Amino acid sequence: MDWISLAAQLFPHGHTIVEQDNFLTGTAQVDGATVSVIGSCGHAPIGVEIALLQAQAVLAAVRNFPQRPIVILVDTQGQRLRHRDEMLGINSYMAHLGKCMALARSQGHKIVALVYDQALSGGFITSGMMADACFALPQATIRVMGLPAMARITKVPLERLTELAKSNPVFAPGPVNYLQMGGIDAIWDGDLALQLAEALRDASPQDQRSAAGLQRGGRSQAFPVAQAVLDHVNLHANLRDNAP
Amino acid sequence: MNSYLEAHARERLDAVLDPGSFREFLPPSLRIVSPHLGQLDAPVSFDDGVAIGAGKLFGEPILVAAQEGGFMGGAVGEVHGAKLTGLLQRALRERPYAVLLLLESGGVRLHEANAGLIAVSEVMRALLEVRAAGIPVIVLVGGSNGCFGGMGIVACCANAIVMSEEGRLAMSGPEVIETANGVEEFDARDRALVWRTTGGKHRYLLGDCQMLVADDSAAFRQAAFELMQECHAAAATISLTLEALEAEQQFLQDRVDDFGAAVDPLDIWQKIGLADAANLPMLEADAFVAATAQLRRRP
């Protein structure tokens with residue numbers, strides 16, 4: 001879905017979102033209140049410039065509109081794969097964006113993200129995955145990396161990877177698998193405005209993804225292992241009880 | 001001199017921490033392995049490539065993790081990530097003097113792609129919560145696999161990073177960029193270019209790492225402790241503040257403005273004002289720091 005029709009469905013009571021080189025910014029009305037909207041479109045590759053623009057928008061919300069909710073609209077093909085971005089230290093820019101989101105959360109801003117088209121790896125980790133809650137449209141693409149690059153890194157033949165990606169939930173792209181693993185909170189269908197309003201009401205600053213992944217059967221180990229480190233008692237029992 | 005680069009994770013822990021002080025959580029004897037690797041006929045490791053636990057540094061109690069580059073390049077899967085997240089959550093309860101992360105990682109373990117990606121983001125959020133609680137997080141990068149992908153982001157979420165010149169810190173590996181955009185974009189076999197672009201010296205000059213040390217475990221040990229002390233001396237800066245992040249925004253914007261047109265790190269070094277930029281890769285760490293300390297950018 002393109003961002004203009006998305007915004008019309010998400011914000012029927014109006015918005016001021018504008019696009020500038022695949023960067024989205026503005027405000028919108030949700031549930032009778034104003035929210036800040038930050039995002040990207042056009043499968044944007046997240047390079048140093050767009051990461052900075054997004055971070056700046058988050059900081060502006062924190063400084064000028066304390067506790068105003070923030071809605072993140074995600075459509076990215078991942079971090080920009082260029083020598084220049086690596087030379088400039090793109091990971092610092094990504095981390096900066098992530099830190100700005102964490103600051104906003106700690107200052108009482110509720111943050112809800114929606115993957116409305118694509119979400120890949122680095123571009124996703126510091127945007128949608130830093131929100132209090134992340135949602136996706138049914139037709140959205142969510143994955144880590146394109147298969148050819150993956151084949152080169154893992155040295156597993158492309159044909160085998162393509163085959164695996166069809167069936168293995170840990171490996172296979174798509175919102176359903178991310179939902180099962182706790183990576184997203186729900187897949188939205190129907191009245192988007194209603195679901196966004198609800199999500200903003202329910203957003204919690206606690207990271208509950210590993211518990212959700214266990215509950216939904218997608219990640220059997222993440223929660224019990226972290227819990228075992230935390231408690232460091234009854235380790236065997238704890239892990240056994242939670243085995244798939 | 002005890003090479004940090006060549007050591008394994010547990011050897012690094014022994015060399016960096018006070019002798020005999022490391023107490024491991026979820027040790028290999030518990031045989032907690034990745035539930036996904038077996039399905040792909042990939043080997044498993046009894047620690048899933050990361051050792052975590054408690055230890056002491058110059059007598060101060062810390063929590064510590066060390067990624068093992070020898071197992072799948074230190075990549076983060078479901079269990080590996082959960083060990084790191086659990087350690088950081090434990091720090092919130094135990095309130096150690098600091099958390100020390102010895103990172104060596106290619107990022108998300110592609111064999112358990114989705115679980116790895118979520119795990120890295122959980123580590124990131126847990127790390128920032130530790131900082132918010134006033135506990136400093138220090139990262140060491142000096143392993144032969146570097147610190148890439150999601151872990152390259154995690155590293156930059158810490159209070160401070162120590163690197164050796166052999167250490168590499170970046171986002172996408174040169175092979176990934178070459179695969180996506182061709183050898184003209186980034187020649188992964190041009191080792192000098194790779195080091196100029198991602199290596200400790202360049203990161204130090206840009207201000208992405210706070211200290212550059214020789215490839216020596218004792219030097220890493222010393223630097224880690226000094227940075228912890230500095231954090232505690234300026235305790236208010238351990239957690240994130242609006243003012244600090246606005247300053248960082250300006251710092252990172254200035255970098256794009258000043259160096260955004262450069263095509264090679266050498267151009268940047270010359271623009272910073274280093275007279276003999278071409279020879280910088282040849283300098284030993286101490287001489288390099290002495291030659292550049294006044295000119296390097298810092299936040």
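## Second largest pocket

The lining of the second largest pocket is made up of 18 nonpolar, seven polar and nine charged residues. This is a predicted model. The space in this second largest pocket amounts to about 910 Å³. It is lined by 34 residues, and those closest to its centre are B:A158, B:N159, B:Q210, B:E248 and B:P299.

Both chains take part in the lining of the second largest pocket: α4 (90–106) of chain A gives two or more residues, as do α4, β6 (160–164), α8 (217–233) and α9 (242–259) of chain B. Of these elements, α9(B) contributes the largest share, seven residues.

## Largest pocket

The largest pocket holds about 1100 Å³ of space. Its lining counts 48 residues, with A:M145, A:I153, B:G106, B:L110 and B:V176 the closest to the centre.

Elements of both chains line the largest pocket. From chain A, β5 (70–79), β6 (111–120), α5 (121–125) and α6 (147–154) each supply at least two residues, and from chain B, α4 (149–156) and α5 (174–181) do likewise. The element that gives the most is α5(B), with six residues. By class, 19 residues of the lining of the largest pocket are nonpolar, 20 are polar and nine are charged.

## Interface between the chains

Chain B and chain A bury about 7000 Å² between them, and carbon and sulfur atoms account for 65% of that area. Three residues, B:L110, B:N114 and B:R125, provide 12% of the area that chain B buries against chain A, more than any other three residues. B:L110 is also among the residues closest to the centre of the largest pocket.

In terms of residues, 79 from chain B and 78 from chain A take part in the contact.

## Nonpolar core

The largest nonpolar core comprises 133 residues. Within this core, the residues with the most contacts are A:V115 and A:F124 of chain A and B:V99, B:I161 and B:I268 of chain B. Helix α3 of chain B, residues 113–132, contributes the largest share of the core, 12 residues.

Leaving aside residues up to four places away in sequence, B:V99 touches B:L63, B:L88, B:A91 and B:V130, together with B:I135, B:P136, B:V137 and B:I138.

Methods:
Residues numbered from 1 in each chain as written. Chains lettered and ligands numbered in written order. Predicted model: local features only at pLDDT ≥ 70, side-chain atom pairs only at ≥ 80, totals over all residues. Heavy atoms only, no water. 1 Å grid on protein atoms, 1.4 Å probe; cavity = no way out; pocket = protein on both sides within 12 Å on 5 of 7 lines; lining within 4 Å. Points joined across faces, edges and corners; volume = space filled by probe spheres on them. Helix = DSSP H or I, 4+ residues; strand = E, 2+ residues; numbered from the N terminus. Nonpolar A, V, L, I, M, F, W, Y, C, P; charged D, E, K, R; others polar. Core = buried A, V, L, I, M, F, W, Y, C linked by side-chain atoms within 4.5 Å. Buried < 20%, exposed > 50% of the residue type's maximum accessible area, 1.4 Å probe, protein only. Contact = heavy atoms within 4.5 Å. Buried area = accessible area lost by both parts, 1.4 Å probe.
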